[in-house]
Amino acid sequence: MAGRVEVEICVCASCVLCGAMDLVEAVEVLGSLRGRLHYRARVETKLSPHLGQGSHRYGAPYARVNGRMLENTVCENLMAAVLEEAEKGERKL
């Protein structure tokens, strides 16, 4: 059985204004390309009303991939983190 990659994306007002919905869309596209990218891990996406602690004024948008917090996240960095975690899961099999 393939592993899974847990992705949490913060959807507080600050994160949404800084592009969180683009991150959600990027993860959905990545999931649809699973066969072409040759990974078997299941990507599970969860939207969170507030990731982490404190204000998100300077680090938004926030995302978490298998427990690793990402700040000032852009689609490319999030997708790279997801693929890295998927690859780690493949090596464990």
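**Close-up views of a predicted protein model**

The accessible surface of the protein comes to about 5,800 Å², and 51% of this area belongs to carbon and sulfur atoms; accessible areas come from the Shrake-Rupley method with a 1.4 Å probe, and for residues only the protein chains shown count as cover. This is a predicted model, in which local features need pLDDT of at least 70 and side-chain atom pairs count only at pLDDT 80 or more, while totals for chains, interfaces and linings use all residues. Residues are numbered from 1 along each chain as its sequence is written, and side-chain values use heavy atoms, with hydrogens and water left out.

**View 1. The elements of the protein, read along the sequence.** The secondary structure comprises three helices and four strands; helices (H or I, at least four residues) and strands (E, at least two) are DSSP runs, numbered from the N terminus. Along the sequence these elements follow the pattern β-α-α-β-β-β-α. Of the 93 residues, 34% count as buried; buried means under 20% relative accessible area, exposed means over 50%, and partly exposed lies in between (1.4 Å probe, protein chains only). Among contacts with a separation of 6 or more, 64% join residues 24 or more positions apart, where contact means heavy atoms within 4.5 Å.

View 2. Four strands form an open sheet in the order 2-1-3-4, and the pairing is mixed. Strand 2 and strand 4 each have a single partner strand and stand at the edges, so one side of each has no neighbour in the sheet. On average, neighbouring strands of this sheet are turned by 20° against each other, direction ignored; axes are lines fitted to C-alpha atoms, for helices over the stretch in contact, and angles run from 0 to 180 degrees between N-to-C directions. Two strands pair if DSSP finds at least two bridges between them. Strands of a sheet pair through backbone hydrogen bonds, either parallel or antiparallel.

**View 3. Strand 1 and its two partners.** Strand 1 (residues 4-10) is mostly covered, with five of its seven residues buried. Strand 1 pairs with strand 2 in the parallel sense over seven bridges, and R4 has R42 of strand 2 as its bridge partner. With strand 3, strand 1 pairs in the antiparallel sense over three bridges; here I9 stands opposite A63. Helix 2 (residues 20-32) lies across strand 1 and strand 2 and runs at about 160° to strand 1.

View 4. G3 lies in the segment before strand 1 and is partly exposed, with a relative accessible area of 27%. Leaving aside residues up to four places away in sequence, G3 touches R40, A41 and R42. G3 and E87 are 84 residues apart in sequence, yet their C-alpha atoms are 9.5 Å apart in space. S48 is found in strand 2 and counts as buried because its relative accessibility is 7%. With residues up to four places away in sequence again not counted, S48 touches E8, I9, C10, V11 and C12.

**View 5. The largest nonpolar core.** The largest nonpolar core has 23 residues, and those with the most contacts inside it are V5, V7, I9, C15, V65, L78 and V82. The elements that give two or more residues to this core are strand 1, helix 2, strand 3 and helix 3; helix 2 supplies the largest share, five residues. A nonpolar core is a set of buried Ala, Val, Leu, Ile, Met, Phe, Trp, Tyr and Cys residues joined through side-chain atoms within 4.5 Å. In soluble globular proteins, nonpolar side chains tend to be buried together. Not counting residues up to four places away in sequence, V65 touches V5, E6, L70, L78, A81, V82 and E85.

View 6. The peptide bond from A60 to P61 is cis, with omega near -5°. P61 lies in the loop between strand 2 (42-48) and strand 3 (63-65). N66 lies in the loop between strand 3 and strand 4 (68-70), and its phi is near 45°, a positive value in a residue other than glycine. N66 counts as partly exposed because its relative accessibility is 35%. N72 also is not a glycine, and has a positive phi of about 50°. N72 is placed in the loop between strand 4 and helix 3 (75-92) and is partly exposed, with a relative accessible area of 43%.
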